[in-house]
Each structure stands twice: as structure tokens, then as C-alpha cells.
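Visitor: I would like to learn how to read a few features of a structure. Please give the general idea each time, and then the case at hand.

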Amino acid sequence: MIRLEPAGAEALLLVLAEAPDADLPLRIAALAERIHLQLGELLTDLVPGWTTLLLHYDLLRTDHLQLAERLAPLLEAWLRDCSPAVAGRLHEIPVWYAGADLASVAQACGLSIAEVIELHSAAEYRVGAIGFAPGFAYLGELSERLALPRLATPRTRVPAGSLAIAERQTAIYPQASPGGWHLLGLCPWKLFDVRRTPPSPLALGDRVRFVPIDEARYRRELAV
């Protein structure tokens, strides 16, 4: 059952499921587009999550009760539409697995470094949410054999392009920033650039596979 929860004075949180599944990110993306098309004049932002959609609205145009009333038929139609979502675009992203935490992750998981790389790169991940920083795509679901809690003490600076894991998720830091995830490798691609349209190649519901590369290829692609 969908829940609508006020989130401060100017936002409404739609809780769309209790747990994520493979099709949910694309279905949430479709719902966000439908809401934007029909109610966009009332809204200032839509923020999808793994199981939620946060709507920021203009207090001069509506409130959460009026917005909830307008949303009701859209949500009913969304629930009725149970057709499988079309698979999102597949991105094959190169990674040089030489992260600062690779050896410690292997030790903590009872695996060899080669096994960590094989497990991580064998999976196909789904973009379930984008946030924390511009272009930061949360990808799931990471193998439970690699699941580790976040670092007890976050780093004050994680280099841009760092591939990292935490809990059952993986991600690439698009910019240098603080971070508390375990670092497995480096990607040579720039995954957020305000000069591009769109700035990030990854969108909600897209699929990602990581392709292991060596240091020489990493440095060649980094220089492009």
C-alpha cells in the first residue's frame, strides 16, 4: 500500500514499496514523469529513491492535502499498471581495480583480491537512486558476499572516479568529496559534467556492468 507522508513544510514523501525490486526504479521513473507532466506547475522538484518519490511543492500553489488529492488518481493508475518495465540502458563502465581498500575488503569478506574483483564485476547493477552529490548513482544489488558496513570514520576526501561499496550498494564518486564507503577501484570516465546534456550518463533504472581494465588503459582513457 502506498503511504503519503508530509516531509517538512513544502514536501510530500510517497512511500511506494516496502522493499526494492528489479523493476521498481523504472516504474518510479515513469511515475515521476507522469506526475511532472500533470502536476508540474505545483512542484519545484521530484527526487526518486529506491522505494520512494519525494515531491517538493510550491506553497503558494498548493499544500500537502490538496496535492495528495490530486495525486490519488495518478497513484491508482500506477498501481493498476503492473506491466513489466522496459529494461533501462546498459552502461559498461571500465574500472581499474586498485582501490585503497581492495585488500582490506578481501580480508574482511574472507576472499582473495581476485575473487572480490570477479564477484563485483560479474554482476549487473540497477541505478536505484541518484543523490548525495550531483551524478552520484546508487547501484544495487551488491553480492551479499561483499556486503560490509560503512567505514567507522569516513574519509575527508575521496578522489573523483573512485568505485566504492557499502552495505548492498556500489557507486562511483563523480566528484572528489568526503565519503565513508570502501574503495575498490578507479574509473577513468567523467560521470558528471555540467557542460553535457544530460550532465550524467546514468539515469534512474539504467543498468551498469563494470569492466576490469589494467593501469595502462586506465591512464590512456583518463587522458582523453
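Visitor: What volume does the largest pocket have?

Guide: Two remarks on the source come before the answer. This is a predicted model, in which local features need pLDDT of at least 70 and side-chain atom pairs count only at pLDDT 80 or more, while totals for chains, interfaces and linings use all residues. Residues are numbered from 1 along each chain as its sequence is written, and side-chain values use heavy atoms, with hydrogens and water left out. Now the general idea: rolling a probe the size of a water molecule over the atoms shows where empty space is left. A pocket is an open set of points on a 1 Å grid over the protein atoms alone, where a 1.4 Å probe fits, with protein on both sides within 12 Å along at least five of seven lines. Grid points are joined across faces, edges and corners, and a volume is the space filled by probe spheres set on the points. The largest pocket comes to about 240 Å³.

Visitor: Which residues line the largest pocket?

Guide: A lining residue has an atom within 4 Å of a point. The lining consists of P20, D21, A22, W50, E124, Y125, R126, G140, E141, R168, Q169 and R207. By class, the lining of the largest pocket holds 4 nonpolar, 2 polar and 6 charged residues. Here Ala, Val, Leu, Ile, Met, Phe, Trp, Tyr, Cys and Pro count as nonpolar, Asp, Glu, Lys and Arg as charged, and the others, Gly among them, as polar.

Visitor: Which peptide bond is cis at G140?

Guide: The bond that joins G140 and E141 is cis, with omega about 10 degrees. E141 belongs to the loop between strand 7 and strand 8 (155–158). Helices (H or I, at least four residues) and strands (E, at least two) are DSSP runs, numbered from the N terminus. Another cis peptide bond runs from T197 to P198, with omega near -5 degrees. P198 sits in the loop between strand 12 (182–186) and strand 13.

Visitor: How many salt bridges are there?

Guide: A salt bridge is a side-chain nitrogen of Lys or Arg within 4 Å of a carboxyl oxygen of Asp or Glu. The count by this rule is 11. One of them pairs E41 with R70, with 3.9 Å between the closest N and O atoms. That pair links distant parts of the chain, 29 residues apart: E41 is in the loop between helix 1 (24–39) and strand 3 (43–48), and R70 is in helix 2 (residues 64–80).

Visitor: Which strands pair with strand 4?

Guide: Two strands pair if DSSP finds at least two bridges between them. Strand 2 (residues 11–15) runs antiparallel to strand 4 and is joined to it by 5 bridges. Strand 3 is also antiparallel to strand 4, with 5 bridges, and a hairpin of 3 residues connects strand 3 to strand 4. Across these pairings, L12 stands opposite L55, and D45 stands opposite H56.

Visitor: Which residues of strand 4 are on the covered face?

Guide: In a regular strand the side chains alternate between the two faces of the sheet. In strand 4 (residues 52–57), L53, L55 and Y57 make up the covered face, and T52, L54 and H56 the uncovered one. H56 counts as partly exposed, at 26% relative accessibility.

Visitor: How many residues does the largest nonpolar core have?

Guide: In soluble globular proteins, nonpolar side chains tend to be buried together. A nonpolar core is a set of buried Ala, Val, Leu, Ile, Met, Phe, Trp, Tyr and Cys residues joined through side-chain atoms within 4.5 Å. The largest one has 26 residues, and Y97, V116, L184 and F210 have the most contacts inside it. Elements that give two or more residues to this core include helix 3 (102–109), helix 4 (113–122) and strand 13 (207–212). Helix 3 gives the most, with 4 residues.

Visitor: Where does F132, with its positive phi, lie?

Guide: F132 is in the loop between strand 6 and strand 7. Its phi is near 70 degrees, a positive value in a residue other than glycine. F132 is exposed, at 54% relative accessibility.

Definitions and conventions:
Buried means under 20% relative accessible area, exposed over 50%, partly exposed in between (1.4 Å probe, protein chains only).
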